Amino acid sequence: MHRTLEVSVPADRTDQLIDHLCPYPEVIGLAVLRGASIKPKGDILTLSVLNRGADKVLQQIQTICTGSEYSIATAEQASLIDPQQDGLIEEDYDEAIWEEMETGLRHNGCITANYLSLMAIGGAVAAVGLVSDPAPQAISFVAAAVIAPGFDPLAKLSLGITLRKPGLIKKGIKSTLAGYALLVVAAAAAFWIMQWTGSASVIDFTTNPEVKHLSEPTSREMIMSVCGALAGGIMVASYRESFIAGPIIALAFIHASATIGVGLASGEWALSVEGLERFGLDILFIVAGCWFVFVIKQLFVHKRKPIV
């Protein structure tokens, strides 16, 4: 998707910005409202920009407006129509800018009641799968992967490492610890309830084939996890977060973390440790895979640090 940038700038920087931005072929449209911005005080520039030029435009705004009060709001455009620039528009690519990636990961992986609730529900649903037959188990694992927003705080950690932002790294670690701790507790509680009501037993858990697959992963599972981690990083970086469920399903970190809780609740400490090992392995794949993708994007696409 192409972008609209709404830039509020001091009046004394407006003409300089226009002179620098107008020659860019990636800037398809530019409009100015003089004196329209109240906070911060100044003018408003509205730009219709191709994805391939967004980083260059933002860098220019930062260069010219440094030392003054300014703000930038970004939005996706459903379409961009300009008969004179149709060929250039058709060749645009699908990339998110650093600021949008950080905002999206902050929204989905921030420690809020919604985030924690979804992590807990995902853990309970995954626990049901760990004591179920193959057909309902598949449904349970897929549902848990879609419900629990467990990928975003890990991708946030990778983004913080890539951009060398300690605050972002710290937030990613805190969100990960809080979310997965609650997921483990919810998985344990779900198993206790199933055991108390007689719908599941320790034998159902210890003899489940998928639990064995989690504790003894083969190269097939490893390849799937690595591919899922890389695909997730690419989707975060390319405006495809609506499809992020696919990579998460390919990974095993949600039901692996649920295995920790069910193992603790059932007294099967060895299975808890094995679940922790598989969970840690998938976490490593996600953090390293996303970091690799983000580094490639920085080297060959963005080539700049975020404005803030």
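**View 1. Charged side chains of the chain.** Lys and Arg count as positive and Asp and Glu as negative, whereas His and the chain ends are left out of the count. On that basis the chain in this predicted model carries 22 positive and 30 negative side chains, and the centres of the two sets lie 8 Å apart. The chain exposes about 14700 Å², of which carbon and sulfur atoms supply 64%.

**View 2. The whole chain, with its secondary structure.** The secondary structure comes to 14 helices and four strands, and the C-alpha atoms fill a box of roughly 75 × 35 × 30 Å, taken along the principal axes. Of the 308 residues in the chain, 50% are buried. Among contacts with a separation of 6 or more, 77% are made by residues 24 or more positions apart.

**View 3. The aromatic pair of Y180 and F253.** Four aromatic pairs are counted when ring centres must lie within 6.5 Å of each other. One of them is formed by Y180 and F253, a tilted pair with 6.3 Å from centre to centre and 55° between the planes. Because Y180 belongs to helix α8 (residues 166-197) and F253 to helix α13 (residues 253-266), the pair ties together parts that are 73 residues apart in sequence. Both Y180 and F253 are buried, and together with F279 these two residues form one aromatic cluster.

**View 4. The aromatic pair of F191 and F205.** The ring centres of F191 and F205 are 6.4 Å apart and the ring planes stand at 55°, so this pair is tilted. Here the link runs between distant parts of the chain, with F191 in helix α8 and F205 in helix α9 (residues 202-206), 14 residues apart. F191 is buried, as is F205.

**View 5. A lysine over a tyrosine ring.** K56 lies over the face of Y24, at 4.7 Å from the ring centre. The placement meets the criterion for a charge over a ring, because that criterion asks for NZ of Lys within 6 Å of the ring centre and within 35 degrees of the ring normal.

View 6. I296 is placed in helix α14 (residues 269-302). Its relative accessibility is 33%, and I296 therefore counts as partly exposed, a class that lies between the limits of 20% for buried and 50% for exposed. Although I296 and H2 are 294 residues apart along the chain, their C-alpha atoms are separated by 21 Å.

Methods: Residues are numbered from 1 along each chain as its sequence is written. This is a predicted model: local features need pLDDT of at least 70, side-chain atom pairs count only at pLDDT 80 or more; totals for chains, interfaces and linings use all residues. Side-chain values use heavy atoms; hydrogens and water are left out. Rings of Phe, Tyr and Trp (its six-membered ring) pair if their centres lie within 6.5 Å; planes under 30 degrees apart count as stacked, over 60 as edge-to-face and the rest as tilted. Helices (H or I, at least four residues) and strands (E, at least two) are DSSP runs, numbered from the N terminus. Buried means under 20% relative accessible area, exposed over 50%, partly exposed in between (1.4 Å probe, protein chains only). Contact means heavy atoms within 4.5 Å. Accessible areas come from the Shrake-Rupley method with a 1.4 Å probe; for residues, only the protein chains shown count as cover. The place of a charge is taken as NZ of Lys, CZ of Arg, CG of Asp or CD of Glu.
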